[in-house]
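Subject: Structure handover

Hello,

Here is the structure we discussed handing over. Please look through it alongside the notes below.

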Amino acid sequence: MSTTETSTSKSGGRRLISLTGHTTRVLAATAVLALGLAACSGGPSSTNAVGGSKKNSIEATLAFTLSSGFDPANASSAVATAANAHIFEGLVDLDPSTREPYLALAKAQPTASADGLTWTAQLRDGAKFSDGTPVTADDVAHSFTRVLKPEDPAAPPLMQGFISFIDSVTAKDATTVEFKLKYPFALFPQRIAVIKIVPKAKTADATASKAFDTAPIGSGPYKLDSSSKESGLKFSKNTNYNGPKPAGVDTMTWNTTTEASARVADLQGGRVQAIESVPYLNVDSLKGKYTVEEKQAFNQVFLMFNTKAKPFDDKRVRQALHYAINKDTVIKTALNGYGTAATSYLDEGNPNYQKAATVYDYNPDKAKALLKEAGVTNLSFTLDTTDNNIVKDVAPLLVESWKAIGVNVTLNTQPSAAIYGDVVPKDTFRVLAASGDPSVFGPDPDLLLRWFYYGQTWPGQRYRWDDADRTRMATLLDKAAKSSDEAERKTLWKQAIDLVADEVPLYPILHTKIVTAYDPTKLDGFQPAPTTGLYFLNGTRKG
């Protein structure tokens, strides 16, 4: 598979796909873990459901099965990413619900030198990993360095692209860490949240890291006791934790299933107290007895083209297929209204949202005119799609929209691992419909734009964007990253948004709304997140 792919449909769920898309490494981890991407339940409730009667435990059902390891340098699945928020800490972390940064392992806000090129952070007093060993500045420096300068430079870790502004990280003493930057980066205090701190002793080399991937040890409020695709995840309280978000219960059990009906049955049967990705058609029936909350998400269903293959090397053809889609109908039919038509790469709930200069309102006449202008007639192609629920619901509606303008399309649906590992790399690939949500790692435009439009994996290897456009995008993002002026950054981000809206090598059709349900008589302090997963960092059990 690849980095955050998320899918939400009438079943509302989402799955992660990897930032840098090192499919080989992810598949290797998958093989080691004997995990997969297939649904784990077809019955009336999740196959690994447990009773929810314990007063000092939390039980929940997630919308995906485990499909990657837990090493936070490369964790790429929805389940692992959510779990890691409970197992690990960064110096600074982002609250899953509000997306606001808060001090985690850092004792105080990191401080910058006058020129902005050196940052210093102090560790929280008495911080320990779950095995009882102290968290040291050397562990912090190691956690960053193993991402910045991996043993295999040809296969950089998933998180490397997010911290490319850092030149080096060193331990000045047992509790003081110093960061040297390549250039001043105004978003430093929150961006370092993407790196979770791991014990150097457990991740010192490739062999140790491989073992750590399946048996993680962190300094977060919970520790992982067991995990598998079939039986879900079990956690217990990290008794060594002394941070700001202590565990609210002694144990947690996460059931996992892609079956929407199974999640609903788990909640209604009292087996769990919360479920993610509520089926849209079940929202009204669950309201009243349960709290059902919807949140606008960045999570998008997008189209991606092989821009080197005719006729998709002509942006007018790519634009035509976007104009031909009746997004309102797609959202009403496939998502029961729980989505918004894309008017930008960013969702309208993002505080940095700016409407793109090009918006693909439904206009079949314009779509036909663009195809004619490009000299394209009798267009037919295979639309490859991932097997996420939302994509499977949306794809037939895309086919019907394109048929209305004289374009014939055949569907090919496969698991994400097969799509990104086998289908997309081939010269025969033409068009993909899939979903993704890098906002699980942070909501700022720099991070979100770099996810799909910077570096080699997506632009170079997947949609094969030409060098000139890739250089234009990289220049805009790098210039914005180096700017200390907020207004200038926003202007540059707008130019980047307009560039991808015009070129549409990979571009959203819609942004989904995430719907979560929980039992308010059993949970206290729980808040749904606008991203993949369930998070209980503030949750306790009651009743």
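Predicted model: local features only at pLDDT ≥ 70, side-chain atom pairs only at ≥ 80, totals over all residues.

Residues are numbered from 1 along each chain as its sequence is written, and side-chain values use heavy atoms, with hydrogens and water left out.

Cavities

The search of the whole structure gave 4 cavities of 30 Å³ or more. A cavity here is a set of points, on a 1 Å grid over the protein atoms alone, where a 1.4 Å probe fits but cannot get out; lining residues have an atom within 4 Å of a point. Grid points are joined across faces, edges and corners, and a volume is the space filled by probe spheres set on the points.

The largest cavity holds about 380 Å³ of space. It is lined by 24 residues, of which Thr81, Ala85, Asp93, Lys196 and Val440 are the closest to its centre. Helix H2 (78–87) and strand E2 (residues 92–94) each supply at least two residues of this lining, and H2 gives the most, with 3 residues. Helices (H or I, at least four residues) and strands (E, at least two) are DSSP runs, numbered from the N terminus. By class, the lining of the largest cavity has 16 nonpolar, 3 polar and 5 charged residues. Ala, Val, Leu, Ile, Met, Phe, Trp, Tyr, Cys and Pro count as nonpolar, Asp, Glu, Lys and Arg as charged, and the others, Gly among them, as polar.

The second largest cavity has about 50 Å³ of space. Its lining includes Asp95, Pro96 and Ser97, as well as Gly525, Phe526 and Gln527. That lining divides into 5 nonpolar, 5 polar and 1 charged residues.

Salt bridges

There are 24 salt bridges in the whole structure, each defined as a side-chain nitrogen of Lys or Arg within 4 Å of a carboxyl oxygen of Asp or Glu.

Two of the residues closest to the centre of the largest cavity, Lys196 and Asp93, form a salt bridge with each other at 2.6 Å, N to O. Lys196 sits in the loop between helix H4 (188–191) and helix H5 (206–214), and Asp93 is in E2, so the pair links distant parts of the chain, 103 residues apart. Asp93 counts as buried because its relative accessibility is 6%. Buried means under 20% relative accessible area, exposed over 50%, and partly exposed in between (1.4 Å probe, protein chains only).

Asp125 and Lys107 also meet in a salt bridge, at 3.3 Å, N to O. Asp125 is in the loop between strand E5 (118–122) and helix H3 (137–148), and Lys107 in the loop between strand E3 (101–103) and strand E4 (111–112), so this pair ties together parts 18 residues apart in sequence. Asp125 is exposed, at 51% relative accessibility.

Within helix H16 (residues 486–503), Lys494 and Asp498 are 4 residues apart, or about one helical turn. Their salt bridge has its closest N and O atoms 2.8 Å apart. Lys494 is partly exposed, at 22% relative accessibility. A network of salt bridges links Arg191, Asp444, Asp446, Arg450 and Asp478.

Helix H9

Helix H9 (residues 327–334) has Lys327, Val330, Ile331 and Ala334 as its buried residues. Seen down the helix axis, they fall within an arc of 95°, so they line one face of H9; the arc is that of the directions from the helix axis to the C-beta atoms. These buried residues pack against strand E13 (339–341), helix H11 (389–403) and strand E17 (506–518), where contact means heavy atoms within 4.5 Å. Asp328 and Lys332 are exposed on the face turned away from the buried side.

Backbone geometry

Most residues other than glycine have a negative phi, and most peptide bonds are trans. Just after H9, Asn336 has a positive phi of about 55°. Asn378 also has a positive phi, of about 50°, and is exposed at 72% relative accessibility. Val504, in the loop between H16 and E17, has a positive phi near 35° and is buried at 0% relative accessibility. The peptide bond joining Lys310 and Pro311 is cis, with omega about 0°. Pro311 lies in the loop between strand E12 (291–305) and helix H8 (315–323).

Regards

Key:
1 Å grid on protein atoms, 1.4 Å probe; cavity = no way out; pocket = protein on both sides within 12 Å on 5 of 7 lines; lining within 4 Å.
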